[in-house]
Amino acid sequence: MKEISKEKLNVKIFANKDEMGNAAAISVAKKLNAAVSEKGFVNLILATGASQFQFLEHLQNQAIEWEKITVFHLDEYKDMPVTHPASFRKYLKERILNKVQPKQVHYLNGDAVDAEAEVLRYENLLKSHPIDIACIGIGENGHIAFNDPPVADFNDPKLVKVVELDEACRKQQLGEGWFSTFDDVPTHALSLTIPAIMGCKAISCVVPDERKAEAVFNTLNAEISTACPATILRTHPDCVLYLDEGSASKLK
C-alpha cells in the first residue's frame, strides 16, 4: 500500500481492488464503532455502482453493530421502480442491507409521484440525521453522487435535488452493464448535493478501475472547480480516497 496526500485529502493506493475494498471496509467499520461507542448510534450514507462491489462485500463481514445504524443513500434514478435491475434501492437491499439488517434505512424514492416533495422529504431527514460517515465514489466525469459538471454547485442551497445526467455519466451507466442501450439510461435522477456530502463528518471514497484514472488524476491535480466536482474533496477535513493500481495509474 502506498500513501500520498493532496491538501487535506489522504490517498491510499492498493495492488488490487479487493485489497482496496477490504482496507476501506476496515476503516469505515472502525469509524462506525467509534461513533456507536461515543453516542450509541450512527448515521451512514452508502454509495452504489460497480465501484462499490468489493467494499460492500467486505463491509458486511466486519464486526459492526448494525442495529444501531441508520442508513441513507446518495441518489436514485427518477421514475425508476425499485424492481428495475439498475435501481440503487434494489442494489443496496440485495448487496448489503437485507443481510446486515440496520436499525433503519431511509430510501430515496426515485419513482415518487411528486419528485420535488420526495426531495424535500429526504432533505428534512438528512437535516434531522447529521451524517457521521459517507461512503462514496467518483464517476468517470469526476462527479460525486449525480452531481455531474453541468449541475454541480459547491454552494448549492439544497441538500437534495432533481438533476439532469450528462452524456458522460449516462455512458458510464451503460458501460457498467446496467442498461441494454444508451436510450434506456434515464436522463434525470434525484441526488444528494455536494454540500450534503461535504457536510458529513467523515468521507470514505472508494474508486477502483483504470477507467477512473483520468477522473482520479483530475481530482488530485485540477483546479478545485465544478469542472471536476470531486476536486472539492481536497477541502474536507476527514476524507480518505481509496484507489487500486488501475485508478491510480496516471498518478505515477
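Select S8 and strand S9 (residues 188–192) to begin: the two pair in the antiparallel sense over five bridges. Here strands (E, at least two residues) and helices (H or I, at least four) are DSSP runs, numbered from the N terminus, and two strands pair if DSSP finds at least two bridges between them. Within this pair, Val163 stands opposite Ala189 in S9.

The model is predicted, so local features need pLDDT of at least 70 and side-chain atom pairs count only at pLDDT 80 or more, whereas totals for chains, interfaces and linings use all residues. Residues are numbered from 1 along each chain as its sequence is written, and side-chain values use heavy atoms, with hydrogens and water left out.

**The three-stranded sheet**

The open sheet now shown has three strands in the order S5-S9-S8, with antiparallel pairing. Its edge strands, each pairing on one side only, are strand S5 (75–77) and strand S8 (160–164). From one strand to the next, the twist averages 20°.

**The eight-stranded sheet**

Next, select the eight strands that form an open sheet of mixed pairing, in the order S1-S2-S11-S10-S7-S3-S4-S6. Strand S1 (2–6) and strand S6 (104–105) each have a single partner strand, so one side of each is left without a neighbour in the sheet.

Move to S7. S7 runs parallel to S3, to which two bridges join it; the bridge partner of Leu44 in S7 is Ile133. S7 also runs parallel to S10, and four bridges join these strands. Ala134 stands opposite Ile203 in S10.

Display the side chains of S7. Which residues point one way from S7, and which the other way? Ile133 and Cys135 point one way, Ala134 and Ile136 point the other, and all are buried, that is, under 20% relative accessible area with a 1.4 Å probe and protein chains only (exposed is over 50%, partly exposed in between). In a regular strand the side chains alternate between the two faces of the sheet.

Then show helix H3, which lies across S3, S4 and S6 and runs at about 145° to S4. Such angles run from 0 to 180 degrees between N-to-C directions, with axes fitted to C-alpha atoms, for helices over the stretch in contact.

**The nonpolar cores**

A nonpolar core is a set of buried Ala, Val, Leu, Ile, Met, Phe, Trp, Tyr and Cys residues joined through side-chain atoms within 4.5 Å. Select Leu44, Leu46, Phe55, Leu59, Trp66 and Ile96, which touch the most other members of the largest core, a set of 44 residues. Among the elements that each supply at least two residues of this core are helix H1 (17–39), helix H2 (53–59) and strand S4 (69–73). The largest share, nine residues, comes from H1.

Centre the view on Phe55. Leaving aside residues up to four places away in sequence, Phe55 touches Gly21, Ala24, Ala25, Val28, Leu46, Cys135 and Val206, contact meaning heavy atoms within 4.5 Å. Apart from this core lies another, of 41 residues, including Leu192, Cys200, Val207 and Ala230.

**The whole chain**

Finally, show the entire chain, which has seven helices and eleven strands. Buried residues make up 55% of its 252 residues. Along its principal axes, the C-alpha trace spans about 50 × 45 × 35 Å. Of the contacts with a separation of 6 or more, 77% are between residues 24 or more positions apart.
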